Amino acid sequence: MHKMCHGASGFAPMMQGFAIFLRGRPSRLSATLPTTMSSSDDALVQLRNVTFGYGERVVLRDLSLTVPRGKVTAIMGASGGGKTTILRLIGGQQRAQQGQVLVNGQDVGAMGMEQLYAARRRMGMLFQFGALFTDMSVFDNVAFPLREHTDLPEELIRDIVLMKLGAVGLRGARDLMPSQISGGMARRVALARAVALDPELIMYDEPFAGLDPISLGTAAQLIRRLNDAMGLTTVIVSHDLEETFRLADQVIILGPGTVAAQGTPDEVRASQDPLVHQFVHALPTGPVPFHYPGPSVAQDFGPVGMGSQGGGDA
């Protein structure tokens, strides 16, 4: 099994998800592209009354949202609010406990494994920190999905890989190893790999995390440019307000298990919802509490002030 770049113990589930996305080997590239609905249908992804939780903890409750075709949609909100869970539901890594997750009008939760793998070949995924294979060169990382999913000749794979690397400005870095490139460059290599099969939908999980301002601006520009040039539909999960609001066509702010606001960046900024106002203005106080729910101070330490009154000699 190949080693992943920028790994951590909590990163294993995402690595397993990446491996799942890369199963199957159709006979040719066109075989990876199942028939889609008419482009006149504005919604590529729809969540309808979706409920999902981990154990007894409900993360999404009767949530509905729409991702319009050909647009950049940002999903934002407080940590632990279900943003990455939505990406997993769209990709079929998790299945809704109630409701429907529709991609191109097809219910992901009702798909069998063969149908699900076919649907995933229409999706690209950029994981946090890139998740490159550390024992593969930049070239081989981008070539990996082409070799796994197609029987294209190596000469054609070479041309496709160099075109994808050229699109992210790294054609000259093809022979480098992940340990020889910066974090920002690794994210760009991962982006080239994510679009190697010309997906219809591409999802980004925190694409700006840990990047310096130059790398962040470059990544945002690439996301926008690739979306428009390739006719993609893009879903971004991010906490970077300024860059994401500048990039997105639509912003969705998640509240406790549901959608607190959905609209253009300007519409969301103007929202009077207290939670949305707290989030977009980065306020420390509001509906999202600072303290994690737990016992009261009196329960943990006893009645406040008892035994400390009366002072003593000065």
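**Exercise 1.** How many cavities of 30 Å³ or more does the structure hold?

*Solution.* The structure holds three. A cavity is a set of points on a 1 Å grid over the protein atoms alone where a 1.4 Å probe fits but cannot get out. This is a predicted model, where local features need pLDDT of at least 70, side-chain atom pairs count only at pLDDT 80 or more, and totals for chains, interfaces and linings use all residues. Residues are numbered from 1 along each chain as its sequence is written, and side-chain values use heavy atoms, leaving out hydrogens and water.

**Exercise 2.** Find where V108 sits and state whether V108 is buried or exposed.

*Solution.* Start with the chain: V108 is in the loop between strand 5 (106-107) and helix 3 (113-120). Helices (H or I, at least four residues) and strands (E, at least two) are DSSP runs, numbered from the N terminus. Next, accessibility: V108 is buried because its relative accessibility is 3%. Buried means under 20% relative accessible area, exposed over 50%, partly exposed in between (1.4 Å probe, protein chains only).

**Exercise 3.** Describe the aromatic pairs.

*Solution.* The whole structure has two. Rings of Phe, Tyr and Trp (its six-membered ring) pair if their centres lie within 6.5 Å; planes under 30 degrees apart are stacked, over 60 edge-to-face, the rest tilted. F52 and Y54 are edge-to-face, at 5.0 Å and 90 degrees. The F133 and F144 planes meet at 55 degrees, so that pair is tilted. Both F133 and F144 are buried.

How values were computed:
On a 1 Å grid over the protein atoms alone, a cavity is a set of points where a 1.4 Å probe fits but cannot get out, and a pocket is an open set with protein on both sides within 12 Å along at least five of seven lines; lining residues have an atom within 4 Å of a point. Grid points are joined across faces, edges and corners, and a volume is the space filled by probe spheres set on the points.
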